[in-house]
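Subject: Structure handover

Hello,

Here is the structure we talked about, with the sequence alongside. My notes on what was found in it follow below.

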Amino acid sequence: MPPGSLALLAQGAAVSLLLAAVAIVGGTLLAVLLAALAFSRFAVVRAAYRVYVYVVRGTPLLVLALLVFYAMPALDLRTGPYIAGTLVLIVYTGALLAEVFRGGVLAIPRPQWESARSLGLPPVPLFRKIVAPLVTRYTLPPYVNVCVMTVKASSVLSIISVWELTLAAREIIERTFAVFTILGLAAAFYFVMCFGIDRLGRLFERHLALKGFAGERA
Amino acid sequence: MNFGRWVAIYGPTYLTALGWTAVTAVGAACGALIWGCALLLIRLSAGRWGARGVDAYVQLFRNTPVLLPIYLIYFAFPMIGLPWPAVVCGGLALILQNGAYISEILRGSVNAIDRVQFDAARSIGLAPWSTFRKVVLPQVLVYSIPALGNQTVLLLKDTSLLSAISITELTMQAKLLTEQTGAAYEAFIVVALLYLLLVSGTEVLFRVTHRAVRWR
């Protein structure tokens, strides 16, 4: 193994994880807002939601990233690849998570809505006490899937010169030609991050499970 | 420059690139389906170690980004005496990864087949291979069409990553045009629209196929 490459790859992995973490936090906030739009009373707002999801999910992440990367300097926003990359990753993760949350809201059983209404719950407690806890539990497995996808998607940002794990690996390979070792190590780093997130998600799922609640394992 | 005029001038230059995207996507989708079926066959027939091997393969590809196999094949194959064209290397990487996902999709559908059918197949004397080919596979493929459609859309979008190994598909073409013309966003908006068109077309194709062949 070329000397020093392990440390470089570990730094790259840290950057990848940081990018993904920011995108997941930002994307989750964005997705909650978007999912609220999906249930708006106005048809125009619902249509806007559908267009957003359709466009972001129907275009490759790389195309969105390159679009923002090239367009931002033209709009006199000299922000560099990190801001552009993070923004695009948030937009992308937000669209995926919005669909996840929308599905979760649709999965809430009707009697829950009816009893909430019959109790006269105002909107904020309704969201805090009924919608949020249920949607969290319904959507945790797909949510974790999207988190794993976000870690993997962050590798695409290497193409707009965001220095993270994949770009670190590529640079070392171009210098040393140690293709198998370096890509194998990079794959190991990604595997640990993604598999780790997956396992953490499962632990959390068990932690949140409500004993005896319909649809949950007792 | 005005967007309409830009499209009128540079629009035709996208055609070859569109062809490359279509060819790699269709080729890789067919290859991935065949590889996914092969992985399923190994899982079902090669005993416990076969199933574990397929599991390990699937986990590896599910937890690493596609760019890594793309770079691995593109950079490593010339070193081991296989100077394949970039398109073949990229296509092979897409096949290896999507095959892993497809084998999982198909496995889910195998569980949807009624157990009685396996007993029935055995009682009329079908050999294991014939059971797989004539009883299991046709049903599994039909059940899986919607999920395979989703996977094909993901694969289609992932062909954009082949621009990183210098294949002039749509994304690369947009990048080249941006750098040649200095137009900041026109090239990529055209390409985004083309991808949306391809993705929607793929979705419609799978929906129509599913409606045509499913059992009622």
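This is a predicted model: local features need pLDDT of at least 70, side-chain atom pairs count only at pLDDT 80 or more; totals for chains, interfaces and linings use all residues.

The mean pLDDT of chain A is 91, with 96% of the residues scoring at least 70. Within chain A, helix H3 (residues 61–74) has the lowest confidence, with a mean of 88, while H2(A) has the highest, at 96. Chain B also averages 91, and 99% of its residues reach 70 or more. For the model as a whole, ipTM is 0.90 and pTM is 0.90.

Chain A

The secondary structure of chain A consists of eight helices and zero strands, which gives the pattern α-α-α-α-α-α-α-α along the sequence. Its C-alpha trace spans about 70 × 45 × 25 Å along the principal axes. Of the 218 residues in chain A, 38% are buried. Taking the contacts in chain A between residues at least 6 apart in sequence, 77% join residues at least 24 apart.

One helix pair in this chain was looked at in detail. Helix H1 (residues 5–38) of chain A packs against helix H2 (residues 43–58) of chain A with the axes 7 Å apart and an angle of about 130°. The two helices, H1(A) and H2(A), are therefore oblique to each other. On the H1(A) side the contact is made by A:Leu34, A:Leu37 and A:Ala38, and on the H2(A) side by A:Val45, A:Arg46, A:Ala48, A:Tyr49 and A:Tyr52. Sorted by class, the contact between H1(A) and H2(A) has seven nonpolar residues, no polar residues and one charged residue.

Chain B

In chain B, the pair to look at is helix H7 (residues 128–158) and H9(B), whose axes come within 9 Å and cross at roughly 170°. An angle over 145 degrees counts as roughly antiparallel, so H7(B) is roughly antiparallel to H9(B). From H7(B), the residues in this contact are B:Val142, B:Ile145, B:Pro146, B:Leu148, B:Gly149, B:Thr152, B:Val153, B:Leu156 and B:Lys157. They meet B:Tyr195, B:Leu198, B:Val199, B:Thr202, B:Glu203, B:Phe206, B:Thr209, B:His210 and B:Val213 in H9(B). By class, the contact of H7(B) with H9(B) has 11 nonpolar, five polar and two charged residues.

Between the chains

Contacts between the chains involve 27 residues of chain B and 27 residues of chain A. On the side of chain B that touches chain A, helix H4 (67–79), helix H8 (170–181) and helix H9 (186–213) of chain B each supply at least two residues. That side of chain B divides into 19 nonpolar, six polar and two charged residues.

Backbone points to check

A:Phe177 has a phi of about 60° and is found in the loop between helix H7 (165–176) and helix H8 (179–208) of chain A. A:Phe177 counts as exposed because it has 12 C-beta neighbours inside 10 Å. B:Ser166 also has a positive phi of about 60° and is not a glycine. B:Ser166 is found in the loop between H7 and H8 of chain B, and with 10 C-beta neighbours inside 10 Å it counts as exposed.

Regards

Methods
Residues are numbered from 1 along each chain as its sequence is written. Chains are lettered from A and ligands numbered from 1 in the order in which they are written. Axes are lines fitted to C-alpha atoms, for helices over the stretch in contact, and angles run from 0 to 180 degrees between N-to-C directions. Helices (H or I, at least four residues) and strands (E, at least two) are DSSP runs, numbered from the N terminus. Angles under 35 degrees count as roughly parallel, over 145 as roughly antiparallel, 65 to 115 as roughly perpendicular and the rest as oblique. Two residues are in contact if their C-beta atoms, placed from the backbone, lie within 7 Å. Ala, Val, Leu, Ile, Met, Phe, Trp, Tyr, Cys and Pro count as nonpolar, Asp, Glu, Lys and Arg as charged, and the others, Gly among them, as polar. A residue is buried if 20 or more other C-beta atoms lie within 10 Å of its own, exposed if 12 or fewer, and partly exposed in between; C-beta atoms are placed from the backbone. pLDDT is the predictor's confidence in each residue, from 0 to 100.
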